[in-house]
Amino acid sequence: MTTEHTTAATRSTVYGYPRQGQNRELKKAVEGYWKGRVTADALRATAAGLRRDTWRQLSEAGIDEVPTGDFSCYDHVLDTSVMVGAVPDRHREAVAADPLDGYFAMARGTQDAAPLEMTKWFDTNYHYLVPELAPDTVFAANSAKQVAELDEAVALGLTARPVLVGPVTYLLLAKPAPGVAADFEPLTLLDRLLPVYAEVLADLRAAGAEWVQLDEPALVQDRTPADLDAVARAYTQLGGLADRPGLLVASYFDRLGEALPVLARTPIDGLALDFTDAAAANLDDLAAAGGLPGRRLVAGVVDGRNIWINDYEKSLATLATLLGLAGRVDVATSCSLLHVPLDTAAEEEIDPEILRWLAFARQKTAEVATLARGLAEGTDAIAAEIAANRADLTSRADSPVTYDPAVQARADAVTDADGRRSQPYEVRAAAQRAHLGLPLLPTTTIGSFPQTDELRAARADLRTGRTDSAGYDERIRKEIAEVISYQERTGIDVLVHGEPERNDMVQYFAERLSGYLATRHGWVQSYGTRYVRPPVLAGDISRPEPMTVGWTTYAQSLTDRPVKGMLTGPVTMLAWSFVRDDQPLGDTARQVALALRDEVDDLESAGISVIQVDEPALRETLPLRAAGRPAYLAWATEAFRLSTSGVRPDTQIHTHMCYAEFGDIVQAIDDLDADVISLEAARSHMQVAHELADHGYPREAGPGVYDIHSPRVPSVRETASLLRTGLAAIPSERLWVNPDCGLKTRGWPETRASLENLVAAARTVRDELSAH
């Protein structure tokens, strides 16, 4: 490294940026390509245009060093698998024939080849494609994407820094490929992978990269001595390369902890650390490690995950302290801005007083630039900005939007008894079986059915006044009747109304609860081309009136079979919202739980005997370090029980979770005390069923047998095989048959075929059981 790399003036930067574009142009282009309406060249042109627009916006906002390589047409971890040549054998032919089609085949699967497993990116609601590795995996460098995107930025005259998933995190995120022993540890491949990273770094250096960022967020989790030894080996080797760019190792979401001094002892040139409240301990840990004398520190003082404005005075105080701990301090967001919407300027329906409190990606880049200027030139240079920021913070703190005395009093009055069912599970199970009369291996779905263009158009027409509420309600009644009729014809045992009236499983409820704000354009990528609009949880929560009772009871009136009431649980309502940061999360969860409890009680009073309260975010919100988990799980499971414990013993409470590593929370799943849980299991080959069995889980469970995140239709034979695998872990009297998740994103033809195969598979296995 040359001196200029460590002594240059303070820079402002970000780790990554939203990919979709102002009007979700990327989603439309990718989905158009899948449908044959958009050519490959047109898709690439759209992607290049979005990258160009992003870099120009960042530069105009005052960002000195823009990231490259963070853009993806599907997922950045999948991009890394392509970069290192880790293509599953079942997809190699497709990738060789057409790299773009092969790339999407790995992500989505084909009728003949299952996709890569998908799970949550640490404790966020972003999903990544899990690398599949084996002892004989051969890596090969393919830096074409990374070099091309760097070239694009440099051609615009910008200072650019390529961003890569680091080698240790990549391997720690990977799983053994199908057929490989479960105890195989991908991290053992590190020495084979490092030369590939060295080749990519050399290619980027040759293309003009002064710095390369290597993201290692896995290091903020509890790591073993062997993991830390791998970190030391990796960055001693990469740092020792003769001709390379500067190496900036980045972590985020929590404290770097024991990995910090390990990295500091390697010849890397800089660290990027999270200094928001979530990782405030990084400041003390950095000081204890002796700082980074002569090296670069990128200080993430602007929260990259939540949407509240920065506290300039607090951040400047942190930055001032850091100046004495590194050779150079740059200012950044705490992580990629992938996790927040694009721009508050589009939110014309939010009260301007409240809009002052919010910062989306564009506003956060302005905050970074302002703080960098204050650090470089002194606070007098940004005195006006500091004064305005102080006024905005005061406006939020003093607003009646944030505080409702009645809600606070009700939450304070909750007792332990409020969170316990009146009878133990064994008594409840007998009462429910007598009441519901379900067959062995009962079939059901998770809740939503396909959301057609016609349904979306109907909601848009209602919103814009092109149709009135009576016309809209008639359209929804017609859809519900069709969904109920289809399920009866197919032979499904416990029905759902299909949720045609719901735009999103969190947003729908947020729009009906006090204390929440809804955005119109606040899209955030969840996975691939799936985008959601997380609502803003701004104040105390209550339920003014019933939210689901009308449509659920209408559906129940159409059939003699049980129809599930469908609600979103309190933890998921927090996790998939931008949650308030001015009170403990557990307090907010209790408020949401009490609002949902009112809804559960009203559903039961209206004659609904099966009620599902989904908690797919229970695992993803788990603290990244073990020390914080007991306290979190205590309030999280209490909130669920508080939502559901007021019902009679013969009312069956379901919950649902998907796309997470459930083994970490099996005890918490038990502590929810739900009567039935449905879980994603198809891509992981029923792994969760065995995890439940190993724990001795005593209740009913439905590990999914239909992967709804792929367009492929599983055959009767394949589905029956998965069911038999499930039966090896869960007794037949406690096993349910269901898809992995809701069917909202699927088309009707594949949904019909898949559900009909699911019911046929359940009947096949029932017949096998009765024959024995």
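1. In this predicted model, both faces of strand E17 are covered, with Lys564, Met566 and Thr568 buried on one side and Gly565 and Leu567 buried on the other. The strand is accordingly described as mostly covered, five of its five residues being buried, where buried stands for under 20% relative accessible area.

2. As to the surroundings of this strand, E17 belongs to an open sheet of five strands, which follow one another in the order E17-E18-E19-E20-E21 and pair in parallel. Strand E17 (564-568) and strand E21 (700-703) each have a single partner strand and stand at the edges, so one side of each is left without a neighbour in the sheet. On average, and with direction ignored, neighbouring strands of the sheet are turned by 20° against each other.

3. The partner of E17 is strand E18 (residues 610-614), which runs parallel to E17 and is joined to it by five bridges; within this pairing, Gly565, one of the buried residues of E17, has Ile611 of E18 as its bridge partner.

Terms used. Residues numbered from 1 in each chain as written. Predicted model: local features only at pLDDT ≥ 70, side-chain atom pairs only at ≥ 80, totals over all residues. Heavy atoms only, no water. Pairing = 2+ DSSP bridges. Helix = DSSP H or I, 4+ residues; strand = E, 2+ residues; numbered from the N terminus. Axes fitted to C-alpha atoms, helices over the stretch in contact; angles between N-to-C directions. Buried < 20%, exposed > 50% of the residue type's maximum accessible area, 1.4 Å probe, protein only.
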